[in-house]
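Take a moment with the sequence and the fold before reading on.

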Amino acid sequence: MARFRSAKSEAAHAVAQLDGIGIPRHGNKKDGKIHSFRTSDAYSQAIKNYIQWRIFNGFFDGLSGLTPLLASAFLEERSDEIVQSHLDVERRALALILSVKLKQVKSKVENQTKQKCYTAQQVALVTDHQSEKNNFSTRLSGATGVRAHELLTLKYPREQPKSDHRAWSNLRFKGLDTGVIMTVCGKGGLIREIFVPELLHAQLMSQFLSKQPKKVTDRKITYITNFEIGGGQSWSQSFSSASKRVLGWSCGAHSLRHEYARSRMETMQKLGLSYFDARK
């Protein structure tokens, strides 16, 4: 069958048929829909990669000839080229198109960034090479474990109560010093509480937009933010660029979140919690 769409437009069309953006992910995980812009973009690119692979091999059937066997063959070849996290995205995208479960294929590419993490001294060096606005957000992310886009969603519990469908441990802030409880909106619309240390909270309040909140668009999503601080992709890029300038490498701003989790686990276990209770 002749193809008239480009690989990019065919992938975009396929993803558009699965559009579930605006429908809460909670309670709808198995509805066969895509519930976020980020997932939509990632799946569109994955499907485009598959179609281009077919063209490279001399076939111009796009998605019309897609079968589980072909998907598995594509993933096997891709396992020599991309890291596991990207390979899993491509597997999930093709599985959604086929409405079947595809067996996970192991990547043969080693993710070098997994071997690196930041020490407190290295993070301090990086923040010294960021703007004041992004410097603050890096320190706040390191102290609270918030994601890049969550920095744009900071509010107080009275304005943005935590989600009630998740069971929250009463020990999650155990061992932390004085500070203020705030909330952020994360993946799938989940709203959770975070603990902002007192000094950082005072600095945050100095950036409060007292006249009116501001609209910020990040990766196609518009946020209403109450604070004049860095966040989203621009902050993440700032962190990576500063890290490369001063350290010669970067394992991304998201590594601050991993380090926060590691530090909290260590603290809570020292305070007597079991590994499993600390993880909860």
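In which loop does His 165 lie? His 165 belongs to the loop between α6 and β1 (179–185). This residue is partly exposed, because its relative accessible area is 39%. The cut-offs are these: buried means under 20% relative accessible area, exposed over 50%, and partly exposed in between (1.4 Å probe, protein chains only). His 165 and Leu 190 stand 25 residues apart in sequence, and their C-alpha atoms are 9.0 Å apart in space.

A word on the source. This is a predicted model, where local features need pLDDT of at least 70 and side-chain atom pairs count only at pLDDT 80 or more, while totals for chains, interfaces and linings use all residues. Residues are numbered from 1 along each chain as its sequence is written, and side-chain values use heavy atoms, leaving out hydrogens and water.

Now step back to the whole chain. It holds 10 helices and four strands. Helices (H or I, at least four residues) and strands (E, at least two) are DSSP runs, numbered from the N terminus. Along the sequence the pattern reads α-α-α-α-α-α-β-β-α-β-β-α-α-α. The C-alpha atoms fill a box of roughly 65 × 40 × 40 Å, taken along the principal axes. Of the 280 residues, 41% count as buried.

Next, helix packing. Two packed helices are described by the angle between their axes and the distance between the axes. Axes are lines fitted to C-alpha atoms, for helices over the stretch in contact, and angles run from 0 to 180 degrees between N-to-C directions. Take α2 and helix α3 (residues 68–78): their axes come within 11 Å and cross at roughly 95°. The two helices are therefore roughly perpendicular to each other. Angles under 35 degrees count as roughly parallel, over 145 as roughly antiparallel, 65 to 115 as roughly perpendicular and the rest as oblique. The contact (heavy atoms within 4.5 Å) includes Tyr 50, Trp 53 and Arg 54 of α2, and Phe 74 and Glu 77 of α3.

Compare helix α5 (residues 120–128) and helix α6 (residues 132–144). Their axes come within 9 Å and cross at roughly 160°. That makes α5 roughly antiparallel to α6. Val 123, Thr 127 and Asp 128 in α5 meet Asn 135, Thr 138 and Arg 139 in α6.

Finally, the rings. How many aromatic pairs does a search of the whole structure find? The search finds nine. Rings of Phe, Tyr and Trp (its six-membered ring) pair if their centres lie within 6.5 Å; planes under 30 degrees apart count as stacked, over 60 as edge-to-face and the rest as tilted. Tyr 50 and Trp 53 have ring centres 5.8 Å apart and planes at 40°, so this pair is tilted. Both lie in helix α2 (residues 37–56), three residues apart, about one turn of the helix. Tyr 50 is buried, because its relative accessible area is 0%. Trp 53 counts as buried too, at 13% relative accessibility.

Another pair is Tyr 118 and Phe 239. Their ring centres are 5.3 Å apart and their planes stand at 80°, so the pair is edge-to-face. This pair links distant parts of the chain, 121 residues apart: Tyr 118 is in the loop between α4 (84–98) and α5, and Phe 239 is in helix α8 (residues 232–247). Tyr 118, Trp 235, Phe 239 and Trp 249 form one aromatic cluster.
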